[in-house]
Amino acid sequence: MRWVGDLKPVRRLRTRPFRPIRGFGGGAPEDGTGRGGGGESRRATPARGALLRWTVLAAAVAAWQLTTRTHDSVYFPPPAEIARHTHDLWFSGPATHAFLTPEATDNILPSLARMATGFALAAATGIALGTALGRSRRAYALCNPVLQFARAIPPPALVPVFVVIFDFGTQMQLASIVFSAIWPVLINTAEGARNIDPLRLEVAAVLRLTTTERLWLLLLPSALPRIFAGLRLSLSLSLILMVFSELLPGTANGIGFTLTDAQSRSDLLTVWAVLVLLGALGYVLNTGLLAVEKRLLGRGRPT
Amino acid sequence: MLRLDSLGQRYGDHPVLRDITLTVPDGQLLCVVGPSGCGKSTLLRTIAGLLPTREGAVSIDGEPVTGVPDRLAVVFQDYGRSLFPWLSVRENVALPLRRRGLGRAERRSEAERMLEQVGLHGAGRRHPWQLSGGMQQRVAIARALVCRPSLLLMDEPFGSLDAQTREDLEDLLLDVHRAEGTTIVFVTHDIDESVYVGDRVVVLSAGPGARVVLDLPVALPGKRDQIGTRGLPEFVALRAEVGRAVRG
């Protein structure tokens, strides 16, 4: 086999001008630079969408404020009052503590730490096991009924089991979060790893990629959309189980603890504040995960 | 030198290829033509070591093919699926260089050099799905050529491109072949294309159990060009002969 010089004769193709195909009024440019225009009108749409969404949210809060003001019930405090209470309770601390009060650092932060640890453990184990399962047809067939069974159990029902095994405390809470959040990410990862385009596997074989290269360059990127679908479900389960495990007796701190504590003292304003906080947390965490997904998957990438 | 020795291939009880014996000397551009579904792709996958040989033998330079051979590259028809959309164009082209133990910078410059040669200068940082079909197939060709294969297999590589792009890429292939002297097995169902690009055309019969029904050297005068060559009486005669063989 010869390799002659540096392929001078081929170079001339680079400069071949684009000629439209007769009768079709032009084809795709082959020059490697042309990209569709028209970004101006497309950019206006998301801004308008965001404005509309915020308007609807503001209208809902205004309606809430108006209704609660007119009825003046102790069970349904107006949102302005909840907001003020939320601020006083958690966010009126000194600037050196990022405006967090001791109440916040003692309850919100431990809760978030437990949730993050549980979610991270579930995600890492789920992705690893899911990839392994998805690559072996036999392992998948054997384990699938078990997985479907495990997934079908309502997660909070598992908590009493872990209470018995670990007694009350952080271990029990972490176990509850991990064993609930692991299933969606595991099952989705296995599905993603199982459905890799056979042609791409042939390409990997022809390129003689090593097992590690195949994992990082083909399997994981192929499965990534499914992995993220699983991660989103797992994240919301982590939040649910974090709060639920803290509602049980024997917990000394946490957002769930604040909730039951306020309820036992008939402090409805704090109960409402916790609910609003949980809603906001769920929203922020999900938005964060979506941003990570968008960053990793890229815009407009086909699967 | 690629040798197929009474090669047979079957899926279960269904025979696909029967008694195929061919010798492809180094540097030849062999076109394999046949009616669709006759087993052309199966033949290519067997040569590539992607399918185990059922009967007979495939050997490259005297070495029997058992797995994917060293210094082999394949270009598939479906460029959209064969390229990795999560990698940039440059990263796609650099993929085969990992085996050669090159550093990151070297892989990168080799890939850029190859992209320039297939007419895609400056497209390295983009992603395959941002390019037109013809450009994507150029990327796939660059990826196949980047580690200077001694045997290049092409499975209907231009089958899903428009006529103009297809002609441009046929000429690109001929230029590369002339410069590199790579042995190429080019599978197509297009009779015109097989005569235009091939040094030699082999026609397979319709399945099941396809055999070689015509083995024809293509001796066309001068450098080939899309308008002139296709108008030559020799070209027309060869095309008619291949056409008759394909129709049985």
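This is a predicted model: local features need pLDDT of at least 70, side-chain atom pairs count only at pLDDT 80 or more; totals for chains, interfaces and linings use all residues.
1. Let's start with chain A. If you're looking for strands there, you'll find zero: the secondary structure comes to eleven helices. Reading along the sequence gives the pattern α-α-α-α-α-α-α-α-α-α-α.

2. Still on chain A, 27% of its 303 residues count as buried.

3. Now over to chain B, where six strands make an open sheet. Going across, the order is 6-7-8-3-9-10, and the pairing is mixed. Strand 6 (72–75) and strand 10 (212–217) of chain B sit at the edges with a single partner strand each, so one side of each has no neighbour in the sheet. From one strand to the next, the twist averages 15 degrees.

4. As background, strands of a sheet pair through backbone hydrogen bonds, either parallel or antiparallel. Which way do strand 9 and strand 10 of chain B run? They are antiparallel, and five bridges join them, with strand 9 covering residues 200–204. Look at B:R200 for an example: its bridge partner in strand 10 of chain B is B:P217. Helix 5 (residues 133–145) of chain B packs on the sheet, where it touches strand 6 and strand 7 (151–155) of chain B. The direction of helix 5 makes about 170 degrees with that of strand 6 of chain B.

5. Helix 5 of chain B also has a helix partner, helix 6 (residues 163–180) of chain B; their axes come within 10 Å and cross at roughly 15 degrees. Angles under 35 degrees count as roughly parallel, so that is what helix 5 and helix 6 of chain B are. The crossing of these two helices of chain B is right-handed.

6. Who meets whom in that contact? From helix 5 of chain B come B:G133, B:G134, B:Q137 and B:L145, and from helix 6 of chain B come B:T165, B:D168, B:L169 and B:V176. By type, the residues of this contact between helix 5 and helix 6 of chain B split into three nonpolar, four polar and one charged.

7. B:E55 is partly exposed, with 15 other C-beta atoms within 10 Å. Beyond its neighbours within four places in sequence, B:E55 is in contact with B:S6, B:L7 and B:G8. B:R18 is 37 residues away from B:E55 along the chain, and their C-alpha atoms are separated by 8.6 Å.

How values were computed
Residues are numbered from 1 along each chain as its sequence is written. Chains are lettered from A and ligands numbered from 1 in the order in which they are written. Helices (H or I, at least four residues) and strands (E, at least two) are DSSP runs, numbered from the N terminus. A residue is buried if 20 or more other C-beta atoms lie within 10 Å of its own, exposed if 12 or fewer, and partly exposed in between; C-beta atoms are placed from the backbone. Two strands pair if DSSP finds at least two bridges between them. Axes are lines fitted to C-alpha atoms, for helices over the stretch in contact, and angles run from 0 to 180 degrees between N-to-C directions. Two residues are in contact if their C-beta atoms, placed from the backbone, lie within 7 Å. Angles under 35 degrees count as roughly parallel, over 145 as roughly antiparallel, 65 to 115 as roughly perpendicular and the rest as oblique. A crossing is left-handed if the near helix is turned anticlockwise from the far one by less than a right angle, and right-handed if clockwise. Ala, Val, Leu, Ile, Met, Phe, Trp, Tyr, Cys and Pro count as nonpolar, Asp, Glu, Lys and Arg as charged, and the others, Gly among them, as polar.
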